[in-house]
Amino acid sequence: MASVLVVEDDQFVRSALIRHLTDASHTVRSVGTALEALREVAHFRFDVVILDLGLPDLDGSEALKMLRGITDVPVIVATARDDETEIVRLLNAGADDYLTKPFSVEHLSARMAAVLRRARSGAAEGGPSPVIRVGGLTVDPLRRQAELDGARLDLTRREFDLLAFLAGRPGVVVPRKELLAEVWQQSYGDDQTIDVHLSWLRRKLGETAASPRYLHTLRGVGVKLEPPGAPR
């Protein structure tokens, strides 16, 4: 099963998470502060981190950014904050998913399974992947790098996954349900997750929803990526 790091300062919640994850045959380590979490990921290999935002020593969103500086481990944020601005901030900082407190153990298990499937399927892909070129956009799946007109794009892991998936199907309208299934490894979910990532990806591509260059949303249908100037 998975090796899990639980970062939670509430002892009651922490104990409940440890008990549930252990019962599910996962290997669990737990800490109560952000600095302890950073030390843990620096010394141990984890398959997933469950990160509470209300930590006593450092705001969880700042801890998330620091984690992303030293590891690519999938991070599920557990937060009582459910406003759109906060969700955007968390996803842009590198969260793979988020759960709004209170949540059920079944919900946690489903989200964990989704991020673990995504991480493991990516690690299991064998052989070199061809570099994808769409207009001035270059995507290298093997090196997980992307460039626009020769300039390196600073993308989060999920932004890169979304860009690479769409770039591999230039001019094809991809339904949102397919994006959830293939990029997020989820059979269900709301459109807000996709919209947030598309919004940030557009900014990094130097475009907006109102004036798209590469990313085009067809309301009620899906999303496609195509080079600027392509016939519509």
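Start with the lining of the second largest pocket: its residues divide into 4 nonpolar, 3 polar and 8 charged (Ala, Val, Leu, Ile, Met, Phe, Trp, Tyr, Cys and Pro count as nonpolar, Asp, Glu, Lys and Arg as charged, and the others, Gly among them, as polar). This is a predicted model, where local features need pLDDT of at least 70 and side-chain atom pairs count only at pLDDT 80 or more, while totals for chains, interfaces and linings use all residues. Residues are numbered from 1 along each chain as its sequence is written, and side-chain values use heavy atoms, without hydrogens and water.

Now select Leu153, Asp154, Leu155, Thr156 and Arg157, the closest to the pocket's centre of its 15 lining residues. A pocket here is an open set of points on a 1 Å grid over the protein atoms alone, where a 1.4 Å probe fits, with protein on both sides within 12 Å along at least five of seven lines; lining residues have an atom within 4 Å of a point. The space comes to about 370 Å³, counted as that filled by probe spheres set on the points.

Next, colour strand S8 (145-148) and helix H6 (157-167), which each give two or more residues to this lining. Helices (H or I, at least four residues) and strands (E, at least two) are DSSP runs. Domain 1 (2-122) and domain 2 (132-225) each supply at least three lining residues, with bounds from an automatic or database domain assignment.

Finally, visit the open sheet of 5 strands, ordered S2-S1-S3-S4-S5 with parallel pairing (two strands pair if DSSP finds at least two bridges between them). Its edge strands are S2 (27-31) and S5 (97-100). Zoom in on Val4, which stands opposite Val48 in S3.
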